[in-house]
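User: I would like to learn how to read individual features of a structure, going from a general idea to a particular case. Could we work through one together?

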Amino acid sequence: MSATQPPIQHGIAEELRKRGFRFTPQRHFILEALSAAHGHCTAEQIFEVVRVYAPGINLATVYRNLDFLLRQDLVTSATIKDNQVIYELRTAVPHHHLVCQRCDATLELPHAVIAPAFRRIRDDLGFDVSTNHIVFFGMCAHCREGTHAGTMII
């Protein structure tokens, strides 16, 4: 992990300071682990990476900081198979996932596919949806058709 902050972390550090919060070394390492993962991680996976660079950190600290970053809307989370929670850096464009309950395949679902539903909820019900990371469970085409050869994660 680098000593200098990548641009995404610099922006997050500045945003936290503007909000009156400190950008602690623990937050730096956690955000760097999320950034390096280029996708979703569990708290345990983040902990395994961070403790290499910060041996004094513990899993509870990782969870506390992830909770803080979630409340600051800088990180998103989703619950997947077996109630496992995954985390990633919040992106400008929301995205979602389709998870097959038979083979565990995970497919990314672009927000454009469900954006009309978000708009309709706002227009018809006067409710602004803030969720930007939804997981839909079901059965993939391969399993439904009986042609799946194994687990695939995209």
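User: Which side chains meet in a salt bridge at 3.1 Å, N to O?

Analyst: The general idea is that side chains of opposite charge can pair when their charged atoms come close. In this model, which is predicted, the pair is Asp67 and Arg71, whose side chains meet in a salt bridge with an N to O distance of 3.1 Å. Asp67 is partly exposed, with a relative accessible area of 39%, whereas Arg71 counts as exposed at 56% relative accessibility.

User: How many residues apart are Asp67 and Arg71 in helix H4, and what does that spacing amount to?

Analyst: An α-helix has 3.6 residues a turn, so residues three or four places apart point the same way. Here Asp67 and Arg71 are 4 residues apart in helix H4, and they are therefore separated by about one helical turn. Glu15 is partly exposed at 25% relative accessible area, while Lys18, at 67%, counts as exposed.

User: Which salt bridge involves Arg122, and which residues do salt bridges that share partners join into one network?

Analyst: Arg122 forms a salt bridge with Asp123, the closest N and O atoms being 3.3 Å apart. As for the network, salt bridges that share partners join Glu15, Lys18 and Arg19. The count of salt bridges comes to 8.

User: Turning to H4 as a whole, which of its residues are buried, and where do they fall when seen down the axis?

Analyst: The buried residues of H4 are Thr61, Val62, Asn65, Leu66, Phe68 and Leu69. Seen down the helix axis, the buried residues fall within an arc of 160°, so they line one face of H4. Arg64 and Arg71 are exposed on the other side of H4. The helix covers residues 59-71, and its 13 residues reach 18 Å from the first C-alpha to the last, close to the 18 Å expected at 1.5 Å a residue.

User: Is Ala43 buried or exposed, and which residues does it touch, not counting residues up to four places away in sequence?

Analyst: Ala43, which is placed in helix H3, counts as buried because its relative accessibility is 1%, and the cut-off for burial is under 20%. With those sequence neighbours left out, Ala43 touches Leu59, Val62, Tyr63, Leu66 and Tyr87. Val62 and Leu66 are themselves among the buried residues of H4. Val52 also lies in helix H3 (residues 43-53), but Val52 is exposed, with a relative accessible area of 59%, and together with Val49 and Tyr53 it makes a nonpolar surface patch of about 280 Å².

User: Where is Asn132 found, and what is it in contact with beyond its neighbours within four places in sequence?

Analyst: Asn132 is found in the loop between helix H5 (111-125) and strand E5 (135-138), and at 8% relative accessibility it counts as buried. Beyond those neighbours, Asn132 is in contact with Thr76, Arg90, Thr91, Pro94, His95 and His96. Asn132 and Thr76 are 56 residues apart in sequence, yet their C-alpha atoms are 7.6 Å apart in space.

Methods:
Residues are numbered from 1 along each chain as its sequence is written. This is a predicted model: local features need pLDDT of at least 70, side-chain atom pairs count only at pLDDT 80 or more; totals for chains, interfaces and linings use all residues. Side-chain values use heavy atoms; hydrogens and water are left out. Patches are made of residues with over 30% relative accessible area and no salt bridge: like charges are joined within 9 Å, nonpolar side chains (Val, Leu, Ile, Met, Phe, Trp, Tyr) within 5 Å. Accessible areas come from the Shrake-Rupley method with a 1.4 Å probe; for residues, only the protein chains shown count as cover. A salt bridge is a side-chain nitrogen of Lys or Arg within 4 Å of a carboxyl oxygen of Asp or Glu. Helices (H or I, at least four residues) and strands (E, at least two) are DSSP runs, numbered from the N terminus. Buried means under 20% relative accessible area, exposed over 50%, partly exposed in between (1.4 Å probe, protein chains only). Contact means heavy atoms within 4.5 Å. The expected span of a helix is 1.5 Å times one less than its number of residues. The arc is that of the directions from the helix axis to the C-beta atoms.
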